[in-house]
Amino acid sequence: MKEDEFARNSKLVAIAQSLSEGDSTEKLLELIISEALSFANADAGSIYIRSDRETLHFECLVNRSLLLVRGGTSGVPVDIPDIPLSGEVDGQELHFEAAAACRNGETRLVQEGMSDRQQVYSGAKFYADLIGYEIVSALSIPLSVSDSRVIGVLQVLNAVDGEGQFGPFAEDMIPWIESLASLAAVAIYNRQRLDSHVAKHEQVAHQVQRRTLELETVIDDLQTRNARLQEENMIDGLTSVNNRLAFEDAFKIEWRRAERQGYKLSLLMFDIDHFKEVNDTFGHLAGDQCLRIVSHLIKSAFNRSADFVARYGGEEFVVLLPYLELDSAILCAERLRAIIEAYVIEYTGSEIRLTASVGVSCVQPSSDTDATQLLKLADKALYSAKDAGRNCVRSIAAQ
């Protein structure tokens with residue numbers, strides 16, 4: 001896993017550099033789709049660009065199995081209508097998924113098993129009529145620049161398994177495609193400004209320069225992280241979950257993405273109650289087994305691709321929950337607390353029962369918000385849970 005992460009991170013560095021060197025919007029769009037297909041091991045992809053506040057305009061399509069390129073530099077028009085953004089977004093229809101991704105600034109996922117209604121009234125039907133191509137899985141990823149403005153949508157279609165069959169996307173691949181989309185958004189924004197000659201004006205030239213610096217900053221961050229991956233082991237050796245260093249890196253990345261796209265972050269910080277008594281009574285090997293089992297219960301309880309579970313230190317764990325409001329995070333925390341309380345650990349003929357105290361916090365990241373506030377509030381809530389007698393959930397939201 002560490003080698004895969006290192007390889008993907010290195011590839012992102014190379015992609016970021018190639019995107020900054022594109023000499024036209026058309027070539028840039030084709031390059032973005034080709035890199036996304038290679039990265040996700042997918043068969044097809046497309047890009048929509050936001051033409052105004054109310055529509056998404058289809059720009060480019062690349063299909064590997066059909067050896068097809070339309071839009072972009074191919075010069076072949078694609079007769080797919082603009083997607084309205086002002087209408088009601090209903091269900092998991094592929095075109096509506098693109099609209100939802102643009103409107104909400106969130107990645108949307110359609111997996112296998114599309115309904116008849118979805119086939120008839122969605123982009124899947126447009127593709128089938130146009131080129132006789134069936135879609136079974138699709139990712140719709142917003143192309144967002146740093147001021148949270150969504151300038152378009154990248155769609156990656158039909159993940160390909162080892163036997164060449166179309167199927168679902170691997171969940172651990174989605175964050176990497178989102179990172180690629182972040183790089184692509186900045187490159188497209190810069191290219192659009194240059195192509196329209198707006199960059200000649202001093203104010204817009206300054207914006208382009210700022211966007212270019214942002215892209216260079218992203219490249220620098222990726223290269224720094226690349227070096228750290230070579231030196232550090234990101235997995236906790238005892239529990240096999242992410243360690244504190246991995247959490248700190250993921251937290252920084254997620255905070256910047258949440259600030260850019262405008263969604264909330266919730267954090268669970270919890271501590272196994274009276275864990276020293278477990279070690280004193282049953283021995284440290286029993287304590288280690290308890291930590292392994294608790295980490296497994298946490299991973300099982302939080303299985304969204306965006307959720308991030310880590311051992312924070314000793315018997316303390318954290319769970320980072322993007323896109324979740326405080327009330328929902330509290331429900332998740334209470335469910336986890338109940339799971340731990342109900343679980344009976346058998347060790348060398350003895351039964352060990354554990355409880356946990358949980359602190360929950362929720363923050364809307366912004367340029368005026370200190371990233372450490374989320375951690376401080378969760379820690380404060382955890383101590384409140386301990387003061388309340390332990391084996392309970394307490395929460396604090398940012399004012």
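Analyst: Begin with burial: a residue is called buried when its relative accessible area is under 20%, exposed when over 50%, and partly exposed in between. The model is predicted. Tyrosine 263 has a relative accessible area of 5%, so by the 20% cut-off tyrosine 263 is buried. Tyrosine 323, at 25%, is partly exposed.

User: Is glycine 71 buried or exposed, and where does it lie?

Analyst: Glycine 71 counts as buried, with 12% relative accessibility. Its place is in strand β3, residues 68-71. The C-alpha atom of glycine 71 is separated by 4.3 Å from that of cysteine 60, although the two are 11 residues apart along the chain.

User: What does the chain look like in total?

Analyst: The chain has 12 helices and 15 strands. Of its 399 residues, 49% count as buried. Among contacts with a separation of 6 or more, 68% are between residues 24 or more positions apart.

User: How do I read a pair of aromatic rings?

Analyst: A pair of aromatic rings is described by two values, the distance of the centres and the angle of the planes. This structure holds seven aromatic pairs. One of them joins phenylalanine 247 and phenylalanine 251, with 5.8 Å centre to centre and 20° between the planes, and is stacked. Both residues lie in helix α8 (residues 244-261), four residues apart, about one turn of the helix.

User: How is the pair of tyrosine 263 and tyrosine 323 arranged?

Analyst: That pair is tilted, with 4.2 Å centre to centre and 40° between the planes. It links distant parts of the chain, as the two tyrosines are 60 residues apart. Tyrosine 263 is in the loop between α8 and β9 (265-272), while tyrosine 323 is in the loop between β11 (316-322) and α11 (326-342).

User: Which residues do ring pairs link into a cluster?

Analyst: The cluster consists of Phe247, Phe251, Trp255, Phe308 and Tyr312. Rings can also have a charged side chain over the face. Arginine 335 lies over phenylalanine 302, at 5.9 Å from the ring centre, and lysine 386 lies over tyrosine 383, at 5.2 Å from the ring centre.

User: How do I read a strand such as β11?

Analyst: Look at its cover, then its sides, then its partners. Seven of the seven residues of β11 are buried. Glu316, Val318, Leu320 and Pro322 point one way, and Phe317, Val319 and Leu321 point the other way. β11 runs antiparallel to β9, joined by seven bridges; methionine 269 has valine 318 as its bridge partner in β11. Five bridges join β11 to strand β10 (residues 308-313), also antiparallel, and there arginine 311 is partnered with phenylalanine 317. β10 and β11 form a hairpin with two residues between them, and glycine 314 in the turn has a positive phi of about 60°.

User: What span does helix α10 reach, and which of its residues are buried?

Analyst: Helix α10 (residues 284-301) has 18 residues and reaches 26 Å from its first C-alpha to its last, close to the 26 Å expected at 1.5 Å a residue. Its buried residues include Ala286, Cys290, Leu291, Val294, Leu297 and Ala301.

Conventions
Residues numbered from 1 in each chain as written. Predicted model: local features only at pLDDT ≥ 70, side-chain atom pairs only at ≥ 80, totals over all residues. Heavy atoms only, no water. Phe/Tyr/Trp six-rings, centres within 6.5 Å; stacked < 30°, edge-to-face > 60°. Buried < 20%, exposed > 50% of the residue type's maximum accessible area, 1.4 Å probe, protein only. Lys NZ or Arg CZ within 6 Å of the ring centre and 35° of its normal. Expected span 1.5 Å × (residues − 1). Contact = heavy atoms within 4.5 Å. Pairing = 2+ DSSP bridges.
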